[in-house]
Amino acid sequence: SADTLTAVINLDLPGPTISRHIYGHFAEHLGRCIYGGFYVGEDSEIPNEGGIRLDVVEALRALRIPNLRWPGGCFADEYHWRDGIGPREERARTVNSHWGDVVEDNSFGTHEFMQLCELLGAEPYINGNVGSGTVREMSEWVEYLTRADDSPMAALRRANGRDEPWQLSFFGIGNEAWGCGGNMTAPQYTHLARQYATYVRNHGEKPVYKIAAGANVDDYGWTESLMKSLSGLGGAHAQHTHVQGLSLHYYTHSGPWEDKGDATRFDDEAYYVTMKRARRMEELVRGHAAVMDSYDPERTVGLVIDEWGTWWNVEEGTNPGFLYQQNTLRDALVASVHFDTFHRFADRVAMANIAQTVNVLQAMILTDPDSGALVLTPSYHVFEMNTGHHDANSLPVGIKGTVPTREVEGSEVSLFSASASTKDGTALISLSNLDASSARTVVLDLRGRTVTGHSARLLSAPTLQTHNTPEQPDAVSPVAHTGIREHAHGLEVDLPAHSYVTVQLQLG
Ligand code: AHR
């Protein structure tokens, strides 16, 4: 009937590959993300390796984190890497003026970050300092990390205990140059980025993927400026001038910037505003991709959404500069709809990094500052449920029937979101029912391949405000979903109100 919602999926028409790197993460020297989150120091009672918390590593390994961005964020443009190498007790003490104005003892530096990446099995994404650093400093950091012979920086690295060079996958040419990264205009940053990127040399066999500090939200002019000047220079000097990616930052909140909304105390209206703003990511990716297409129709330059997620008011009694917030089922649905967008634009979105992994903004893990207890958030579970999309081929999802919508702030917002992918004789379908109070059933019209088996998982909770705590760590966690049946066209799936469901298919 007209009211039946049907998702049509052609299983034999695989589209572009969804890079696993869209499931990237971000760890800044901010609040308790590094210190007290990832890193507790070697003397801690919490089991650690070189000061890195092993339970955090173990939990994150289940997400198969493809890349980790560090050391910022705004912190990156005031970070001087030489402060963070050598014997820890001799390292410089500096001030983290962006985040809480606290003293930074630099006990977590380059070696510790690279060790963390090795423990996680993640590729490093280091963000360089354009705002207050020099070209030479940036160039020497890359040499220190990646050079094998007895060059001055390779020798310095060896003197600090690391013989072999590391593999550096991604390098950011500054961060938010339009704001905390130097308050620059687009032409000003574009010129500087060309200069700085030139000296990020490839010392090893693996070329470094360079990422220019891109636009804020809908600043399409910024993207245009970068595309005009930084991409497609071509010719003999291309290797040294080209950047491979441009970043984009966009955060979701339900209120204005000055009062972003509460993480756990929100009503249905604030929930729907949140979903409307989360779904805006689609408009932004489409807009920036259109500008990029006009300069780069072959889609060789990647859009790197290296900061996204919810940003709420900080929890009561916590340092306003530490950006510590709770994480509910609502945050999980914000994540699921972002991933649907990234899957749909797999041929342009090369990478994305949720902000941030531990104890900051939309985190995967929250740790208690006193007891040290660790909690996995609802957002963590969306990342885990989506690991099957990593490096899979996207499958377009066509929708038939009446999509439920709701009017929010003067426009209609769709309350249903879906995406799908296929790899290795399987398919994974993601279904989000964003309706706060009504369940729905969706028919999966599966065409082109025989389905030989299926299973489903459900992430939901009695209320959208439900979150995990040390006392109730599994209040929001995935369970096997029994609301799935065979149907003349394929399958029929029940979606409870405010739920996220994944359907895994075995294909014949
Ligand atoms: O993720 C928190 C901050 O948000 C980052 O440091 C900055 O780049 C952005 O403004």
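Trainee: Is Thr252 buried or exposed?

Mentor: Thr252 is buried, because 27 other C-beta atoms lie within 10 Å; a residue counts as buried if 20 or more other C-beta atoms lie within 10 Å of its own, as exposed if 12 or fewer do, and as partly exposed in between, with C-beta atoms placed from the backbone. Keep in mind that this is a predicted model, in which local features need pLDDT of at least 70 and side-chain atom pairs count only at pLDDT 80 or more, while totals for chains, interfaces and linings use all residues. Residues are numbered from 1 along each chain as its sequence is written.

Trainee: Which residues is Thr252 in contact with?

Mentor: Leaving aside neighbours within four places in sequence, Thr252 is in contact with Thr274, Arg277, Ala278, Gly309, Thr310 and Val334, where contact means that the C-beta atoms of two residues, placed from the backbone, lie within 7 Å. The C-alpha atoms of Thr252 and Arg279 are separated by 9.2 Å, and these two residues are 27 residues apart along the chain.

Trainee: And which strand does Thr252 lie in?

Mentor: Thr252 lies in strand 11, with helices (H or I, at least four residues) and strands (E, at least two) taken as DSSP runs and numbered from the N terminus.

Trainee: What do the eight strands close into, and in which order?

Mentor: They close into a barrel with parallel pairing, in the order 2-5-8-9-10-11-12-13, and two strands are said to pair if DSSP finds at least two bridges between them. Neighbouring strands of this sheet are turned by 30 degrees against each other on average, direction ignored. Helix 6 (residues 220–230) packs on the sheet, where it touches strand 10 (209–216) and strand 11 (245–252), and its direction makes about 150 degrees with that of strand 10; axes are lines fitted to C-alpha atoms, for helices over the stretch in contact, and angles run from 0 to 180 degrees between N-to-C directions.

Trainee: How many bridges join strand 12 to strand 13?

Mentor: Four bridges join strand 12 (residues 302–310) to strand 13 (residues 349–355), and the two run parallel; Leu303, for instance, has Val349 of strand 13 as its bridge partner. Helix 9 (residues 329–344) lies across strand 11, strand 12 and strand 13, at about 165 degrees to strand 12.

Trainee: Switching to helix 10, how many of its residues are buried?

Mentor: Seven of the eight residues of helix 10 (residues 378–385) are buried, among them Tyr380, His381 and Phe383. What covers the buried residues includes helix 9, strand 14 (365–367), strand 15 (374–376), strand 23 and strand 27.

Trainee: In which sense do strand 23 and strand 27 pair?

Mentor: Strand 23 (residues 451–459) and strand 27 (residues 499–507) pair in the antiparallel sense over eight bridges, with Gly453 opposite Gln506 of strand 27. Strand 23 is also joined by two bridges to strand 24 (residues 479–480), again antiparallel, and there Arg457 has Ala480 as its bridge partner.

Trainee: Which residues are around the ligand?

Mentor: They are Glu28, Gly72, Gly73, Cys74, Asn175, Glu176, Glu307, Ala355, Gln356 and Leu361, a residue being near a molecule if its C-beta atom, placed from the backbone, lies within 6 Å of it.

Trainee: Finally, how much of the whole chain is buried?

Mentor: Buried residues make up 49% of the 508 residues in the protein chain, and its secondary structure comes to ten helices and 27 strands.
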